[in-house]
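Please look at the sequence and the structure shown here, and then follow the description below.

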Amino acid sequence: MSMGRGSAVAVVLVLFLVALQYEAAQAAFYTVGGAGGWSFSSGSWPKGKRFRAGDVLVFKYNPSIHNVVAVNRGAYGSCSTPRGAKVYTSGNDRIKLVRGQNFFICNFPSHCQAGMKIAVSAV
């Protein structure tokens, strides 16, 4: 008995959804800065942790005095916000890591320069 085109599409869709569930179940969630949240002392927080692509960083902070900006290596080093950079402002942001280096800064005046930035490497 052969499957119709609609049945084959349904099977592929179900397999895709199962794969997505598996990936989500495997992801770890990390609160940046631990109990203190995203702050000026978060810079060393990633040290000693092993991150994987798909893990989620949770940035908790007071949005009236901080934010989170996903940046590239150059912007991380210069504490600048490139045009088109994603700026998070909820105070409870969830950001999925990609494979390789991931860089985040606070772009409120002088915050990045004062150490409010992290670099996270994900395998």
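Asn102 has Val120 in β7 as its bridge partner. This is one detail of a predicted model, and it belongs to the pairing of β6 with β7, an antiparallel one that extends over 6 bridges. β6 covers residues 100-105 and β7 covers residues 117-122. Strands of a sheet pair through backbone hydrogen bonds, either parallel or antiparallel.

The pair is part of a wider arrangement. An open sheet is built from 4 strands in the order β4-β3-β6-β7, with antiparallel pairing. β4 (86-88) and β7 are the edge strands; each has a single partner strand, so one side of each has no neighbour in the sheet. On average, and with direction ignored, neighbouring strands of this sheet are turned by 25 degrees against each other.

Strand β3 consists of residues 68-71 and is joined to β4 by 3 bridges, the two strands running antiparallel. Here Ala70 has Lys86 in β4 as its bridge partner. β3 is also joined to β6 by 3 bridges, again in the antiparallel sense. In that pairing, the bridge partner of Val71 is Phe103 in β6. In a regular strand the side chains alternate between the two faces of the sheet.

How many helices and strands does the protein chain have? The count comes to 2 helices and 7 strands. Read from the N terminus, the elements follow one another as α-β-β-β-α-β-β-β-β.

A further open sheet has 3 strands in the order β1-β2-β5, and its pairing is mixed. β1 and β5 (92-96) stand at its edges with a single partner strand each, so one side of each is left without a neighbour in the sheet. Neighbouring strands of this sheet are turned by 25 degrees against each other on average, direction ignored. β2 and β5 are paired in the antiparallel sense over 5 bridges. Within these two strands, Val56 stands opposite Lys96 in β5.

Next come two residues in loops. Asp55 lies in the loop between β1 (29-31) and β2 (56-60). Is Asp55 buried or exposed? Its relative accessibility is 4%, and because buried means under 20% relative accessible area, Asp55 counts as buried.

What surrounds Asp55 can be listed. Apart from neighbours within four places in sequence, Asp55 is in contact with Gln26, Ala27, Ala28, Tyr30, Arg50, Ile95, Lys96 and Leu97. Tyr30 is 25 residues away from Asp55 along the chain, yet the C-alpha atoms of the two are separated by 7.8 Å. The side chain of Asp55 also meets backbone nitrogens. A polar atom of this side chain lies 3.0 Å from the backbone nitrogen of Ala28, and the side chain reaches the backbone nitrogen of Arg52 at 2.9 Å.

The other loop residue is His111, placed between β6 and β7. His111 has a relative accessible area of 14% and is buried. With neighbours within four places in sequence left aside, the contacts of His111 are Phe40, Ile65, His66, Cys106 and Met116.

These two residues can be set beside values for the chain as a whole. Of the 123 residues in the protein chain, 33% are buried. Among the contacts in the chain with a separation of 6 or more, 69% are between residues 24 or more positions apart.

The last topic is aromatic rings. A pair of aromatic rings is described by the distance of the centres and the angle of the planes. Searching the whole structure gives 6 aromatic pairs. In one of them, the ring centres of Trp45 and Phe51 are 5.7 Å apart and the planes stand at 45 degrees, so the pair is tilted. Trp45 counts as buried at 12% relative accessibility, and Phe51 counts as buried at 2%. Ring pairs also link Tyr30, Trp45 and Phe51 into a cluster. Tyr30 is also one of the residues in contact with Asp55.

Lys86, the bridge partner of Ala70, lies over the face of Tyr88 at 5.1 Å from the ring centre. The charged end of Lys117 sits over the ring of Tyr76, 4.5 Å from the centre of that ring.

How values were computed
Residues numbered from 1 in each chain as written. Predicted model: local features only at pLDDT ≥ 70, side-chain atom pairs only at ≥ 80, totals over all residues. Heavy atoms only, no water. Buried < 20%, exposed > 50% of the residue type's maximum accessible area, 1.4 Å probe, protein only. Contact = heavy atoms within 4.5 Å. Polar contact = N/O pair within 3.5 Å; in protein donor to acceptor, adjacent residues only side chain to side chain. Pairing = 2+ DSSP bridges. Axes fitted to C-alpha atoms, helices over the stretch in contact; angles between N-to-C directions. Phe/Tyr/Trp six-rings, centres within 6.5 Å; stacked < 30°, edge-to-face > 60°. Lys NZ or Arg CZ within 6 Å of the ring centre and 35° of its normal.
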